[in-house]
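Here are my notes on the model. Please read them with the structure open beside you.

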Amino acid sequence: MYIYNVTVNIDDSAHDEWLKWIKEHIPQVLATGKFKDAKLTKVLVEEEMGGQTYSIQYRSYSREALDAYYREDAERLRTDGLKKFADKMLAFRTELKIIDEYSVNFK
């Protein structure tokens, strides 16, 4: 399984509008059918450039599903945010391959 991670730094002047937008955008990405779930997290560091940083982690069903997302959906879904927040947002993307998962079961 793979995680498609999008890290975004958003300028404080656009923060509230962006946060509302991303909460609407994530379900649109999930609606492509290429991802099992998503997590929106705040990165707890102070950036020298200012603004606030978030990570959105989309868990794909497979490598093939992630590749299909890039081919069929990514450009269209990225364009809206780029148009809306242009110079107020800096984003970069990384892929993570899940090797193993562990959890604690409390009884």
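**Notes on the predicted model**

1. Charge first. This is a predicted model. The protein carries 17 positive and 19 negative side chains. The centres of these two sets lie 6 Å apart.

2. Overall layout. There are three helices and four strands in the protein. Along the sequence they run in the pattern β-α-β-β-α-α-β. A box of roughly 40 × 40 × 20 Å, taken along the principal axes, is filled by the C-alpha atoms.

3. Burial and surface. The protein has 107 residues, and 36% of them are buried. Its accessible surface comes to about 7300 Å². Carbon and sulfur atoms account for 51% of that surface.

4. Contacts along the chain. Take the contacts between residues at least 6 apart in sequence. Of these, 76% join residues at least 24 apart.

5. Helix 1. This helix covers residues 15-30.

6. The buried residues of helix 1. They are His 15, Trp 18, Leu 19, Trp 21, Ile 22, His 25, Ile 26 and Val 29. What do they pack against? Their partners are strand 1, strand 2 (35-42), strand 3 (52-60), helix 2 (63-72), helix 3 (74-85) and strand 4 (89-97).

7. Thr 7. This residue lies in strand 1, which spans residues 2-10. Is Thr 7 buried or exposed? Its relative accessible area is 12%, which is under the 20% cut-off, so Thr 7 counts as buried. Its side chain makes a polar contact of 2.9 Å with the side chain of Asn 5. Leaving aside neighbours within four places in sequence, Thr 7 is in contact with Thr 53, Tyr 54, Ser 55, Leu 90, Ala 91 and Phe 92.

8. Thr 32. Here the setting is a loop, between helix 1 and strand 2. Thr 32 is buried because its relative accessible area is 18%, under the 20% cut-off. A polar atom of the Thr 32 side chain lies 3.3 Å from the backbone nitrogen of Lys 34. Not counting residues up to four places away in sequence, Thr 32 touches Tyr 69, Asp 73, Arg 76 and Leu 77.

How values were computed
Residues are numbered from 1 along each chain as its sequence is written. This is a predicted model: local features need pLDDT of at least 70, side-chain atom pairs count only at pLDDT 80 or more; totals for chains, interfaces and linings use all residues. Side-chain values use heavy atoms; hydrogens and water are left out. Helices (H or I, at least four residues) and strands (E, at least two) are DSSP runs, numbered from the N terminus. Buried means under 20% relative accessible area, exposed over 50%, partly exposed in between (1.4 Å probe, protein chains only). A polar contact is a pair of N or O atoms within 3.5 Å; within protein, one must be able to donate a hydrogen and the other to accept it, and residues adjacent in sequence count only if both atoms are side-chain atoms. Contact means heavy atoms within 4.5 Å. The expected span of a helix is 1.5 Å times one less than its number of residues. Accessible areas come from the Shrake-Rupley method with a 1.4 Å probe; for residues, only the protein chains shown count as cover. Lys and Arg count as positive and Asp and Glu as negative; His and the chain ends are not counted. The place of a charge is taken as NZ of Lys, CZ of Arg, CG of Asp or CD of Glu.
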